[in-house]
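Me: I am new to this structure and would like to learn how to read its features one by one. Could you take me through a few of them?

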Amino acid sequence: VDTGMGFERLCMAIQGKRSNYDTDVFQPILQEIGSMCGVTYGADAKIDVAMRVIADHIRTIAFAITDGQLPSNAKAGYVIRRILRRAVRYGYTFLGRRRPFMYQLIPSLIRSMGAAYPELSAQQTLIEKVIREEEDSFLRTLETGIRLLDKLMADANAAGTKVLSGKDVFTLYDTYGFPIDLTELILSENGLSADIDGFNAEMQQQKDRARHAAAVETGDWVVLKDQESEFVGYDFTTYEVEILRYRQLSQKGKNYYQIVLDKTPFYAEMGGQVGDSGYLEAPDGQRTIIKTVQKENNLSVHLTSALPADPTQVFQAVVNPEKRQATSCNHSATHLLDQALREVLGTHVEQKGSLVSPENLRFDFSHFQKVTNEELREVEKLVNEAIRRNIPLEESRHTPISEAKEMGAIALFGEKYGEDVRVIKFGQSVEFCGGTHVQATGEIGSFRIISESSIAAGIRRIEAITGTAVDDQYFNMQDELRTIRGLFNNVPNLTAAIERLVAENQENHKKLEAFAAEKTVALKNDLLKTAKEIHGVKLVVFEGNASADAIKNIAFQLRAEIPAGLAFIAGSIENDKPLLTLTFSEDLVAKGLNAGALVREAAKTIQGGGGGQPHFATAGGKNTTGLPQAVNNIVEKVKASI
């Protein structure tokens, strides 16, 4: 292996094969693909390529998911997504697979490699779930894209061109997510090609638009002191500071200033936690508001709307204490939540992102199915129990990374860590973390989950609140419940009263439907009594107030009762809106009458539009005063046709 030969090539040499894919490393998977797709490996060169791509890619994808990397639109996750989609595309194009199938190869992979990599078996359910969801999603994209591409190719052939415009190719790619390489492949199979230069030009224009929209003009740094900046915010929320450098920046017509301090108690936005806010106070009491703090080139950059009158003074930096405390409570709660999820759902749970603000917390994690209400309740209980135990913070700021791992500290996948790391420990929860935290869990007060949802294949999101936000939610729910009880005269059993009201409402709704049906039948019978018969055709006309549903029901009833020789024309008004309805029996349609065409023309009189099929069509409009004329126009044209 050290020579660069690799495991697969070594197997090929030992087993006397001419290809890696002929060895027992790949053959079981290739045979499984052949059995599943009804093809034989070695019979067709194009099919062989597709099978090899799928066999190779399924291994990469499965091992990546096992290691904690899920498909996404960013960084390593995007690589996995592209690899998976490439394999799906080969299956779709060359093996005729229109439904998810790659996830079904995982058992075969486990039979081949599960003994050497037991993690595959342990996470089989997650791997299959993630791959199937990705296949489902991309196959929908393929179906939509291919339909659009078929139309574009038909239009190109009709226009006598063999090149699909770069704009059309870019629309397929950008709007519908259709891969450019697949577009080129399908075009070549149909004797066409893509304008790649035009596609690249459209892509560059989009990048330029995005760049201009986010354009920030920055001035040069004005350096007052040339020294390092230090963060002191773990221990202090107020501190005596000096400005090291500052610069002006402009965005969307507004001017701001960025300031770097020699020592700062302000936490800079990082690791999912929002930046602190507060102010710098000069000796004369003048305050410069710090809107937020961000990391830039490993510097804490403080954003303000104005500069202090004298930037060379010594200032008192003051962090907004309420915002810092609320944010710290939510950050510590995410650690407790992570631990609780691993206890309730399993150790496969891994953090995939987070957002910690003063208002709430958001936690993304790997899990293969919806978290049940019972599981969420158990998670809430565990977190609140940890809060009530008032577990003290154990912080290790400069721990060698090897020692931190021995402590069982959880690292966020994809993050880069130095030789020394900060470890945050609350009881059983041990994590790498650079954020701010409470000194003991009791400060969090309480914890409540407000939502749980899916954000990607195999990734769930929990949003939660802590402290006073939980109190506010409780008070709002209490007030709402009190109001509802008042509507029910403060009955002792509110649930039973609501169930009784719902049942009564359903019963009344059924009675109303029955009454409306009777009225519709009565109206239909009255219309038949006044209907005119012209050359064997019964001409039924209605003008007046009626619901769209009632008129539609009458039209269908008339067509059922009078299968030949029927023309029904209705001009109805519902909620001050005019509606034209027209239906013909099939024999009149065969003679050339077209309800859709007649309605579209007549709709101009009511300042509207519509259409439909030759036997049934409707049109709506704005002008009710034009309705009688519209009905009369249709009646006269029908009479003339008859």
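Me: Which residue in S17 is the bridge partner of Thr-399?

Reply: Before the case itself, please note that this is a predicted model, in which local features need pLDDT of at least 70, side-chain atom pairs count only at pLDDT 80 or more, and totals for chains, interfaces and linings use all residues. Residues are numbered from 1 along each chain as its sequence is written, and side-chain values use heavy atoms, with hydrogens and water left out. In general, the strands of a sheet pair through backbone hydrogen bonds, either parallel or antiparallel. Here strands are DSSP runs of E with at least two residues, helices are runs of H or I with at least four, and both are numbered from the N terminus; two strands pair if DSSP finds at least two bridges between them. The partner of Thr-399 in S17 is Val-421, and five bridges join S16 to strand S17 (residues 420-426) in an antiparallel run.

Me: In what order do the strands of that open sheet stand?

Reply: The order is S16-S17-S18, three strands with antiparallel pairing. Strand S16 (394-400) and strand S18 (429-432) are at the edges with a single partner strand each, so one side of each is left without a neighbour in the sheet. On average, neighbouring strands of this sheet are turned by 25° against each other, direction ignored, where axes are lines fitted to C-alpha atoms (for helices over the stretch in contact) and angles run from 0 to 180 degrees between N-to-C directions.

Me: Which helix packs on this sheet?

Reply: Contact means heavy atoms within 4.5 Å. Helix H11 (residues 321-345) packs on the sheet and touches S17 and S18, its direction making about 120° with that of S18.

Me: Is Glu-463 buried or exposed, or in between?

Reply: Buried means under 20% relative accessible area, exposed means over 50%, and partly exposed lies in between (1.4 Å probe, protein chains only). Glu-463 is partly exposed, with a relative accessible area of 26%, and its place is in strand S20 (residues 459-466). Not counting residues up to four places away in sequence, Glu-463 touches Asn-360, Leu-361, Arg-362, Ile-449, Ile-450 and Ser-451.
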